[in-house]
Each structure stands twice: as C-alpha cells, then as structure tokens.
Amino acid sequence: MLDFSLSDEHRLLEQSIREWGARDVAPYIRDNDRKHHFDRERILGGMARLGLLGISVPQEYGGAGMDYIALGIASEELEYLDTSLRVIMSVHAGLNCLTLLAWGTEAQKQKYLVPQAQGTKIAGYGLTEPAAGSDARGIQTTAIKKGDRYVLNGEKMWISLADVADHVLVFAWTDQAKKKDRDPSGMSAFIVERGFPGFSSGTLTQKWGILAGNTGFLKLDEVDVPAENLVGREGEGFKIAMFALDQGRFTVAAGATGLIRACRDASVTYAKQRKTFGVEIGSHQLVKEMIARMESDYQASRLLWLRSGWLKNAGRRNTRETSLAKWFATTASERAAGDAVEIHGANGYSDEYPVGRFYRNCKGAVIYEGTREIHTIMQADYLLGYREDRPSRCELPAVERAQ
Ligand SMILES: Cc1cc2nc3c(=O)[nH]c(=O)nc-3n(C[C@H](O)[C@H](O)[C@H](O)COP(=O)(O)OP(=O)(O)OC[C@H]3O[C@@H](n4cnc5c(N)ncnc54)[C@H](O)[C@@H]3O)c2cc1C
C-alpha cells in the first residue's frame, strides 16, 4: 500500500536533527563558511552522537539500523542547514558505508564498516581524477598485483573529505590490457587507509562553494594495499562504483530538496519583511510566482526521493528513479537558490543573509554524482531503450520501513 506519511521514528529523527542543528550548527555556519573551516568536532561529533553516520547500517554492524527513508530525511534536514553537512552523508554513509554493506566481505565489514557506522572512522569515495570525471573509464590509477598485495599508483581529484577521511574506497585498473581498451571489466575497488605508506592528500583552496566542507585530492604513490582490501571481485570495480552512486545520488536528491525548502522559507520570511511601493514584496505577483515555484519544486523533489527510498526499502532496483530524483532536485535547487537571491535583492548578494550561501552551494550538486547532462542522457536512454539495468551480483539489502 502506498503510504506518504512519516513514521514516529522518522519524525523523531527529523526533530532531533532540527534541535541539534538549531543549537550546534546554525549559529556557527556562516562563520565556518566564510573562514573555509571544516568544524570537525562539532559536526562529525554531533552527527555521530545522533547516529547519523551509520543511519542505515544494520545494528549488527554498529549502525542505527534505520530504513532508507530515514537516510533521505537526514539528508534533507542536513542540507537545510548547510550543504557541507549533507555531503558527509553522501560520501560517508551513502557512497561508502552502504557499498561496504552490500559488497564487502564479513572481515571488511568488521574491520571498516563497524567503526565507520559508529562514527569513530570517516570514509570517502575516490573515483574522479584530474582528467576523468563523467568519463569514469578514463581514470588512470592502476593497481598491480604483487603476491598478497596490490600496488596502487595514481591521483584522485575533487574528493570530498579528502583531508578528513580515514578510509577511502578507491577505484583503479587491475587489468592493464582492458585499461587500454577502456573495458570497465578491468577495474577494481579497494579500501585504502590514510595510514598506508605512499598515501597523501591535500585540500583544494580555490573552491567557491560548500566552503564549510572539505574537498581535495589524493595521491597514491606505490601504495601497498593488502589483497584482502579488494572490495568485491577483481574486475567488479566499475559496477561497484555505479552501485555506490545509486546510494550517493539518493542522498544528493534528498539534500537538494532540503536546500529548496531552505530557499523557500528564507524567501517567505523576507518577502513579508521587505516593503517596496508601500507594500510587502510578497504581494507583488512576480515575487509570488517565484515563491510558488519553490513550493512546487520542493514537493515534486520530495516525492521523487521518497519513491526512490521506498524502492530501496523494498530491495528493488532504483538506478533510473534515483537518477531522475537527483537530476530534478538539483536543477530545481539551482532555480530556487537563484530566485531566493533575486527576492532578497541586493541583500541576497551579501553574506548577511543565507541565500547567497545557498546559491554558491547548490551548483556543486548539479555537477557531482553525474552532471545534469549525464542524467539527461540517462533518462533519454532509458526511454529510447538504449539503456537497461541488469541484475547486480550484490544488492542493497531490503529493510523494514521504520515504525
Ligand atoms: C564539490 C565537489 C565534490 C566532489 N566530490 C567527489 C568525491 O567525493 N568523489 C569523487 O570521486 N568525485 C567527486 N567530485 C567530482 C565529480 O563527481 C565530477 O566533477 C563530476 O563527475 C563531473 O566530472 P568533471 O568535473 O570531470 O567534468 P567533465 O566530465 O569534464 O564534464 C565537463 C562538462 O562536459 C559535459 N559532458 C561530459 N561528458 C558528456 C557527455 N557524454 N554528453 C554530454 N555532456 C557531457 C558535462 O556534463 C559537463 O558539463 C566532486 C566534485 C565537486 C564539485
């Protein structure tokens, strides 16, 4: 039966994040954004205490054992505060933890997933390279097997939490002939620890959005990775990278939905305070139009991520629906943020109001985890019959809807 209501557990989660956010995030976020400061203790500590870092990881692996709708709610609430918080959910909880849950060995789950879900270790996702983003087959990182180890060489770029993560899921070519032919069945996935000799990272300082977050590069210089850190089988790396994106994109979609709501709420408040021509600007029809579109975009985005979360709960493939949710919500968030700045007039062009930060932050999500163009192509290809999803060897486990 179709059920649009949130359960008691969902509402409690929403309430807890709102209370924590109002107390521990909102008063500091503008300064952290201005100072390009990743507030590790306050943000990661708070998220760990709320159980968010392992929200949809089963309790037997140290998580909160909540359903995927809960993951969406958390993403929406976090991005309502600031995009940098939702990015943590996307890479740590979505791209990394859920991938280890589905594809990891029992030993990998015990060693890496448990501390990640408990929030004592932070995890990232390393696919993009200086010369390869949308074109993931164009990565150059290699992993050469030597006895019971793989030796990794390469560079990853635009990696969220690059200077923060303790473990990174790294993608590299294990079959060099297939690399030359761009055959993705030559790619593999590895868990790389920050402490492995030859691993180094740095922060990108020229970024102009998500400034309270951390984004950077990783260098892999003859990094010895034990064979037991291979995730899945050799040659399954590309499939694993795409599987991970199904989870990450879901959090991006829900997060962008939260950003639209933040734009809407800020715009409604401002439209009732600011007067022009003797009336509140909210009474001008063109301002009403912008606010009404924020509402329709918010509601439509929310329904799309809820459908995707419902499919995940049921253990059903959702690549197509999640892509649509991500594409729609992120492009709508760009529209909402642009209009929110417009409604604020010159004040929107200043850091005195949050909408300028929303405007800077929204663009990243249109680019990462599949650009607007990549999702456009995906959706057309599904319709045209050029693309179909085949069953995967490992799937995200179905869960009971939270009560
Ligand atoms: C803030 C931020 C955080 C990020 N975090 C991570 C992370 O944690 N881990 C990670 O691995 N990556 C991360 N990324 C990288 C991100 O996933 C890539 O930037 C994204 O996939 C796009 O790749 P690109 O930047 O190389 O652009 P390109 O692939 O070079 O694309 C450039 C332009 O060409 C268009 N284009 C490319 N191919 C096609 C095509 N076939 N048809 C039509 N148009 C096309 C694109 O849509 C885009 O408009 C992050 C990026 C940002 C901005």
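Me: Why is Leu50 called partly exposed?
Reply: Leu50 has a relative accessibility of 30%. Buried means under 20% relative accessible area and exposed over 50%, with partly exposed in between (1.4 Å probe, protein chains only), so Leu50 counts as partly exposed. This is a predicted model, in which local features need pLDDT of at least 70, side-chain atom pairs count only at pLDDT 80 or more, and totals for chains, interfaces and linings use all residues. Residues are numbered from 1 along each chain as its sequence is written, and side-chain values use heavy atoms, with hydrogens and water left out.

Me: Where is Leu50 found, and which residues is it in contact with, leaving aside its neighbours within four places in sequence?
Reply: Leu50 is in the loop between α2 (40-49) and α3; helices (H or I, at least four residues) and strands (E, at least two) are DSSP runs, numbered from the N terminus. Contact means heavy atoms within 4.5 Å. Apart from neighbours within four places in sequence, Leu50 is in contact with Ser16, Ile17 and Trp20. Asn214 is 164 residues from Leu50 along the chain, and their C-alpha atoms are separated by 21 Å.

Me: What makes Asn361 a buried residue?
Reply: The relative accessible area of Asn361 is 0%, so Asn361 is buried. Asn361 sits in helix α10 (residues 355-367). Leaving aside neighbours within four places in sequence, Asn361 is in contact with Asp82, Thr83, Gly209, Ile210 and Leu211.

Me: Which backbone atom does the side chain of Asn361 reach?
Reply: The side chain reaches the backbone nitrogen of Ile210, at 2.6 Å. A polar contact is a pair of N or O atoms within 3.5 Å; within protein, one must be able to donate a hydrogen and the other to accept it, and residues adjacent in sequence count only if both atoms are side-chain atoms.

Me: How do you know that α10 is mostly covered?
Reply: Of the 13 residues of α10, 10 are buried. Among them are Val355, Phe358, Asn361 and Val366. The cover over the buried residues of α10 includes α1 (8-34), α4 (83-103), α7 (237-273) and α11 (372-384).

Me: Why do the phi values of Trp158 and Phe277 draw the eye?
Reply: Most residues other than glycine have a negative phi. Trp158, which is not a glycine, has a positive phi of about 60 degrees. Phe277 is not a glycine either, and its positive phi is about 50 degrees. Trp158 is in strand β3 (residues 149-160), whereas Phe277 lies in the loop between β9 (275-276) and β10 (279-280).

Me: What makes Trp158 and Phe277 count as exposed?
Reply: Trp158 has a relative accessibility of 52%, so it counts as exposed. Phe277 is exposed because its relative accessible area is 81%.

Me: Which residues come nearest to the ligand?
Reply: Thr128, Ser134, Trp158, Thr371 and Glu373 do, out of 15 residues around the ligand. A residue is near a molecule or strand if one of its heavy atoms lies within 4 Å of it. By class, the shell has 8 nonpolar, 5 polar and 2 charged residues: Ala, Val, Leu, Ile, Met, Phe, Trp, Tyr, Cys and Pro count as nonpolar, Asp, Glu, Lys and Arg as charged, and the others, Gly among them, as polar. β3 gives the most to the shell, with 3 residues.

Me: Which polar atoms of Trp158 and Glu373 lie by the ligand?
Reply: A polar backbone atom of Trp158 is 2.9 Å from a nitrogen atom of the ligand. A polar side-chain atom of Glu373 is 2.7 Å from an oxygen atom of the ligand. Of the 980 Å² of accessible area that the ligand has on its own, the protein covers 64%. Accessible areas come from the Shrake-Rupley method with a 1.4 Å probe, and for residues only the protein chains shown count as cover.

Me: Why is the chain called as compact as a globular protein of its length?
Reply: The chain's secondary structure comes to 11 helices and 10 strands. Its radius of gyration is 21 Å, close to the 22 Å that the globule rule gives for 403 residues, so the chain is as compact as a globular protein of that length. The radius is taken over C-alpha atoms, and the rule is 2.2 Å times the number of residues to the power 0.38. Buried residues make up 56% of the 403 residues.
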